[in-house]
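Let's take a friendly walk through this model, from the whole chain down to single residues. Have the viewer open as you read.

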Amino acid sequence: MPEPAVSPGHADIVGQEEVCERLWGALEVERVHHCYLFEGPEGVGKATVALRFAMAANCESPSGPRPCTRCGPCQLIAAGRHPDVIRVCPDREKTTEVITVEQAREVIRVLALHRHSARRRFVLVDPADLLRVEATNALLKTFEEPPPFTTFLLITNRAGALLPTVLSRSFRVRFRTVGLPALEEWLSRRGVDEPSRVARLAFGSPGHALGLAEGRLEELDQACSDLLLALSGGTMSILAYAEKVGASPRTTWEKRMGLALDTLEMLLRDAGAIHAGWQGPLLAPANAEVARRWARSLGAGGLDGMDRALHEARARLQLNVSPRTVAEALLTRLAVELGPEGRKAGT
Ligand SMILES: [Zn+2]
């Protein structure tokens with residue numbers, strides 16, 4: 001059985017040992033930078049390491065440079081309740097998710113006050129790429145010269161979206177995806193079902209892997225059945241499917257489209273692997289026969305083309321193209337390329 005969800009501060013860290021060593025090392029020699037930029041793919045542990053860094057700086061009984069995770073400050077930081085560890089996130093209630101200039105001014109106001117109890121105060125901005133230009137400009141001077149014993153941790157998976165003025169003021173720490181054997185071993189240790197499949201589906205992201213283990217894998221398998229059924233039913237059923245996954249409100253369609261596109265990616269990767277002669281385990285083993293048919297029907301050129309179309313679909317969604325239009329276009333193209341034989345749903 002998978003473990004219950006853990007808060008980022010308490011989750012164990014996998015695959016970021018090098019990053020942690022550097023951060024703990026900076027604490028040991030008391031050369032902590034005033035503004036770090038934690039950059040790297042989603043779900044690889046940036047926020048977890050950020051909290052752990054704040055713990056390490058304030059722990060009452062560290063073992064070496066590492067935080068104990070059990071003392072008062074460690075527990076408060078993990079629970080998000082330490083008054084000197086300030087988290088700045090976009091307001092999820094608003095339709096456009098941004099970090100506003102009002103939030104930036106509030107940070108500046110709080111930093112002007114004395115620290116409560118921490119040896120070092122931290123401001124976590126997550127994700128930093130959602131800082132509005134005005135908010136960034138309001139904070140620039142503070143990024144450069146925060147009050148004593150204060151460190152900013154800017155977290156992002158889209159460093160390219162940050163203003164150059166922020167990048168130039170930050171000490172950049174790059175997080176990488178986690179290798180397959182390390183991720184699989186970590187998942188096994190946590191008692192996750194199907195650790196090998198989950199690790200391969202997570203593409204090096206422990207956060208994504210935990211999401212899969214906590215129910216997303218089942219949702220993905222269900223989404224896979226729905227997609228194959230729609231494809232096998234011809235044009236009308238594709239249109240009906242696109243309408244259903246693209247239905248508003250945004251949070252609903254984002255989740256459905258995410259599952260649909262991840263499902264398609266999973267099947268295309270399996271088909272590509274089979275086409276290349278792979279005989280090992282597949283990402284969607286229950287649909288091995290479908291993947292074989294796709295490999296035959298699409299061939300190398302068709303698989304490449306669909307892969308590009310899939311990436312374009314993700315990009316178009318980011319550009320606010322209607323999800324229904326994106327789904328319709330993508331599945332219609334796939335259905336045409338697969339032909340009647342390739343579109344069959346079952347074995
Ligand atoms: Zn501690």
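This is a predicted model: local features need pLDDT of at least 70, side-chain atom pairs count only at pLDDT 80 or more; totals for chains, interfaces and linings use all residues.

A residue counts as buried here when its relative accessible area is under 20%, as exposed when that value is over 50%, and as partly exposed in between.

**The chain as a whole**

The protein chain is built with 13 helices and five strands. Its C-alpha trace spans about 70 × 40 × 30 Å along the principal axes. What share of the contacts between residues at least 6 apart in sequence joins residues at least 24 apart? In this protein chain the share is 71%.

**The zinc site**

Which residues hold the zinc ion as protein donors? They are Cys-59, Cys-68, Cys-71 and Cys-74, each through its SG atom, at 2.2 to 2.4 Å from the metal. Along the sequence these donor residues follow the spacing C-x8-C-x2-C-x2-C. The angles among the four donor atoms run from 103 to 120°. Two of the cysteines, Cys-59 and Cys-68, are buried.

**Two helices side by side**

Two packed helices are described by the angle between their axes and the distance between the axes. For helix H12 (residues 288-318) and helix H13 (residues 323-342), the axes come within 10 Å and cross at roughly 175°. Angles over 145 degrees count as roughly antiparallel, and H12 and H13 are therefore roughly antiparallel to each other. On the H12 side, the residues making the contact include Arg-293, Trp-294, Leu-298, Met-306, Leu-310 and Leu-317. On the H13 side, they include Pro-323, Val-326, Leu-330, Leu-334, Glu-337 and Glu-341. Sorted by class, this contact has 13 nonpolar, five polar and five charged residues.

The loop between H12 and H13 holds Asn-320. Asn-320 is not a glycine, yet its phi is positive, at about 65°. With a relative accessibility of 56%, Asn-320 counts as exposed.

**Other backbone details to look at**

Most residues other than glycine have a negative phi, and most peptide bonds are trans. Against that background, Phe-149 is worth a look: its phi is positive, near 55°. Phe-149 sits in the loop between H5 and strand E4 (150-156), and it is partly exposed, with a relative accessible area of 47%.

Where in the chain is there a cis peptide bond? It joins Asp-126 and Pro-127, with omega at about -5°. Pro-127 belongs to the loop between strand E3 (121-125) and helix H5 (133-144).

**Residue pairs across the sequence**

| Pair | Separation in sequence | C-alpha distance |
|---|---|---|
| Asp-193 and Ala-213 | 20 residues | 7.1 Å |
| Ile-108 and Thr-142 | 34 residues | 7.4 Å |
| Leu-51 and Val-85 | 34 residues | 8.6 Å |
| Asp-12 and Arg-105 | 93 residues | 34 Å |

Here is some context for one member of each pair. Asp-193 lies in the loop between helix H7 (180-189) and helix H8 (195-201). The relative accessible area of Asp-193 is 47%, which makes it partly exposed.

Ile-108 is part of helix H4 (residues 101-111) and counts as partly exposed at 30% relative accessibility. Setting aside residues up to four places away in sequence, Ile-108 touches Ala-138, Leu-139 and Thr-142.

Is Leu-51 buried or exposed? At 0% relative accessibility, Leu-51 counts as buried. You will find Leu-51 in helix H2 (residues 46-58).

Asp-12 comes in the segment before helix H1 (17-28) and is partly exposed, with a relative accessible area of 28%. Which residues is Asp-12 in contact with, leaving aside its neighbours within four places in sequence? Its partners are Arg-52, Trp-186, Arg-189 and Arg-190.

Terms used: Residues are numbered from 1 along each chain as its sequence is written. Side-chain values use heavy atoms; hydrogens and water are left out. Axes are lines fitted to C-alpha atoms, for helices over the stretch in contact, and angles run from 0 to 180 degrees between N-to-C directions. Helices (H or I, at least four residues) and strands (E, at least two) are DSSP runs, numbered from the N terminus. Angles under 35 degrees count as roughly parallel, over 145 as roughly antiparallel, 65 to 115 as roughly perpendicular and the rest as oblique. Contact means heavy atoms within 4.5 Å. Ala, Val, Leu, Ile, Met, Phe, Trp, Tyr, Cys and Pro count as nonpolar, Asp, Glu, Lys and Arg as charged, and the others, Gly among them, as polar. Donors are N, O and S atoms within 2.8 Å of the metal (3.2 Å for Na, K and Ca); water is not among the atoms, so sites may look incomplete. Four donors count as tetrahedral if all angles lie between 85 and 135 degrees; four count as square planar and six as octahedral if opposite donors are over 155 degrees apart and all others between 65 and 115; anything else is irregular. Buried means under 20% relative accessible area, exposed over 50%, partly exposed in between (1.4 Å probe, protein chains only).
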